[in-house]
Amino acid sequence: MILPIYGYGEPVLRKVGEDITPEYPNLKETIANMYETMYHAHGVGLAAPQVGLPIRLFIVDTEPFSDSDDVSKEEAALMKEFKKTFINAKIIKEEGNIWGFNEGCLSIPDVREDVFRHDTITIEYFDEDFNKKTEVYNGLIARVIQHEYDHIEGILFTDHLSMLKKKLIGKKLMNIMEGKAFPDYRMKFLSKKGR
């Protein structure tokens, strides 16, 4: 089932997500719905707060980035096959070079800005079968994970911008809060019930 994506300004996007257990109600269905919603919106990641759930769950599928001319053949091959579910994730370490990349967000349609993040992360999480994992990622895969991880910490990519950049996009953010954004996927806005 395709779920509405919560837009900038919705309080759930600012909550730190709560850990869940394998007994979380309808977990498999929730994950499946999140993947369907993400694919419908042409995203590469989606976090539970973006569909109104204040829990530590996010999904990533970097396959759309595998066609980019900006990545090596090796990284493209990794991204083509990278599809993972992260539950109760905790980034243990961020390291390596800090580099900029133009990020966007399904909760903040039509806003894209350069965000600077570390190249390499070590993350601990549970997969959809609650197997505990500790893994190291780098490049665009790490970036997508960091972006989605921020969501379960109540952080949006716009929080990483300078005061000047925030001021320059202020009107766009206000329009999203007022429901004056028209992406080609369902959204729920702060001032409207959704569409």
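Axes here are lines fitted to C-alpha atoms, for helices over the stretch in contact, and angles run from 0 to 180 degrees between N-to-C directions. Helices (H or I, at least four residues) and strands (E, at least two) are DSSP runs, numbered from the N terminus.

## Ground rules

This is a predicted model, where local features need pLDDT of at least 70 and side-chain atom pairs count only at pLDDT 80 or more, while totals for chains, interfaces and linings use all residues. Residues are numbered from 1 along each chain as its sequence is written, and side-chain values use heavy atoms, with hydrogens and water left out.

Let's start with H2 (residues 73–81) and H3 (residues 139–152), whose axes come within 8 Å and cross at roughly 40°. That makes H2 and H3 oblique to each other (under 35 degrees would be roughly parallel, over 145 roughly antiparallel, 65 to 115 roughly perpendicular, and the rest is oblique).

Contact means heavy atoms within 4.5 Å. On the H2 side, Glu75, Leu78 and Met79 do the touching, and they meet Gly139, Leu140 and Ile141 of H3. Sorted by class, that makes four nonpolar, one polar and one charged residues (nonpolar covers Ala, Val, Leu, Ile, Met, Phe, Trp, Tyr, Cys and Pro; charged covers Asp, Glu, Lys and Arg; the others, Gly among them, are polar).

## The sheet

Five strands make an open, antiparallel sheet, in the order E2-E3-E4-E5-E6. E2 and E6 (132–138) sit at the edges with a single partner strand each, so one side of each has no neighbour in the sheet. From one strand to the next, the twist averages 45°. Strands pair if DSSP finds at least two bridges between them.

Going along the order, E2 and E3 are joined by three bridges, with glycine 45 opposite valine 60 in E3. E3 and E4 share five bridges; here valine 60 has lysine 84 as its partner in E4, and phenylalanine 58 has phenylalanine 86.

## Strand E3 under cover

How many of the residues of E3 are buried? Five of its five are, where buried means under 20% relative accessible area, exposed over 50%, and partly exposed in between (1.4 Å probe, protein chains only). Leu57, Ile59 and Asp61 point one way, with Phe58 and Val60 pointing the other. In a regular strand, side chains alternate between the two faces of the sheet. H1 lies across E2, E3 and E4, running at about 45° to E3.

## Cores

A nonpolar core is a set of buried Ala, Val, Leu, Ile, Met, Phe, Trp, Tyr and Cys residues joined through side-chain atoms within 4.5 Å. The largest one here has 36 residues, and Leu46, Leu57 and Ile108 have the most contacts inside it. Elements giving it two or more residues include H1 (27–40), E3 (57–61), E4 (83–105) and E5 (108–126); H1 gives the most, with five.

Beyond its neighbours within four places in sequence, leucine 57 is in contact with residues including Leu27, Ile31, Met34, Phe86 and Ile152.

## A buried glutamine

Glutamine 50 is in the loop between E2 (45–47) and E3. Its relative accessible area is 1%, so glutamine 50 counts as buried. Leaving out residues up to four places away in sequence, glutamine 50 touches Pro4, Ile5, Tyr6, Leu13, Cys105, Leu106, Ser107, Glu148 and His151.
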